[in-house]
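Good morning, colleagues. I shall take a few minutes to go through one structure, and I ask that you keep the display in view while I speak.

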Amino acid sequence: MTDAHAARSGVGVVVVAAGSGSRLGASLPKAFVPLAGRPMLAWALETVAALPGLRSLVVVVPEALADPSLPPWSAVSLPVGAHVVAGGAERTESVAAGLAALDPGCDVVLVHDAARCLTPVAVFERVVAAVRAGADGVVPGLAVVDTVKTVDADGVVTGTPERTTLRAVQTPQGFPREVLLAAHASGMVATDDAALVERTGHRVVVVDGDPMGFKVTTPEDLERAERLAGGPRALGGGSPGATSGRSAGLTSSP
């Protein structure tokens, strides 16, 4: 490995935890709502800290909680070297704030929703591997098992997409750092970073997601997560962060 390559290698992760939690009916921002005795954010960060080659971690939270010494953070173990920044009014703004705080030496960037707090570390590893193999963008996804209909404004069915061509996508979504920075610099807005990268003309691929990567949005989702949090959290068993490469802090290189 050359000195230049060593200077620009490692994985940066932006954990988006700026959601209000209004659909969850919570008095706290969603990422700080307890799940099996710990905030959802704590579960998500435990997994991220286990990712081999992690070089930089930024957590994006509501402005009112940007100080990790505040009480809602008391049950969250923030990995050594991680940064906390305030998010914006829209997801795109929040991710941009996280990107700006990442170590510029990272060559791969993952963007992960804290609300997908039980996602196994194996999904993170698959996404990183696909980016390193040359993909411009990578999203984990699951095959859609239900028949899906497209409808117009009046609810009239306008089409039935072929189910084999559909995937329900999850996070973390991964990109070469320069590709994601350029997509955000374009000024376009999208519901997720993969769509933003697609709109700037890049090719995004799908890797296998995991049923545990569902997003906690409603009280019913939280109940499901509560049931699952006490047992095996990956198809192969173990906790979301179970891996031989686990670390309590960040590395300076992979």
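Let me begin with a convention: a crossing is left-handed if the near helix is turned anticlockwise from the far one by less than a right angle, and right-handed if clockwise. Please note that this is a predicted model, in which local features need pLDDT of at least 70 and side-chain atom pairs count only at pLDDT 80 or more, while totals for chains, interfaces and linings use all residues. Residues are numbered from 1 along each chain as its sequence is written, and side-chain values use heavy atoms, with hydrogens and water left out.

Helices (H or I, at least four residues) and strands (E, at least two) are DSSP runs, numbered from the N terminus. The crossing of H3 and H5 is left-handed. The axes of helix H3 (residues 91-101) and helix H5 (residues 177-185) come within 11 Å and cross at roughly 135°. That angle makes H3 oblique to H5; angles under 35 degrees count as roughly parallel, over 145 as roughly antiparallel, 65 to 115 as roughly perpendicular and the rest as oblique. Axes here are lines fitted to C-alpha atoms, for helices over the stretch in contact, with angles from 0 to 180 degrees between N-to-C directions.

Which residues of H3 and H5 meet? Thr92, Val95, Ala96 and Leu99 in H3 meet Leu180, Leu181 and His184 in H5, contact being heavy atoms within 4.5 Å. The residues of this contact divide into five nonpolar, two polar and no charged. Here Ala, Val, Leu, Ile, Met, Phe, Trp, Tyr, Cys and Pro count as nonpolar, Asp, Glu, Lys and Arg as charged, and the others, Gly among them, as polar.

I turn to helix H2 (residues 40-49). Because 10 of its 10 residues are buried, H2 is largely enclosed by the rest of the structure. Buried means under 20% relative accessible area, exposed over 50%, and partly exposed in between (1.4 Å probe, protein chains only). The buried residues of H2 pack against several elements, including strand S1 (11-16), strand S4 (54-61) and helix H7 (219-229).

Finally, two backbone features. Most residues other than glycine have a negative phi, and most peptide bonds are trans. Ala36, in the loop between S2 and S3, has a positive phi near 50°, and Ala36 is partly exposed, at 41% relative accessible area. A cis peptide bond joins Thr171 and Pro172, with omega about 15°.
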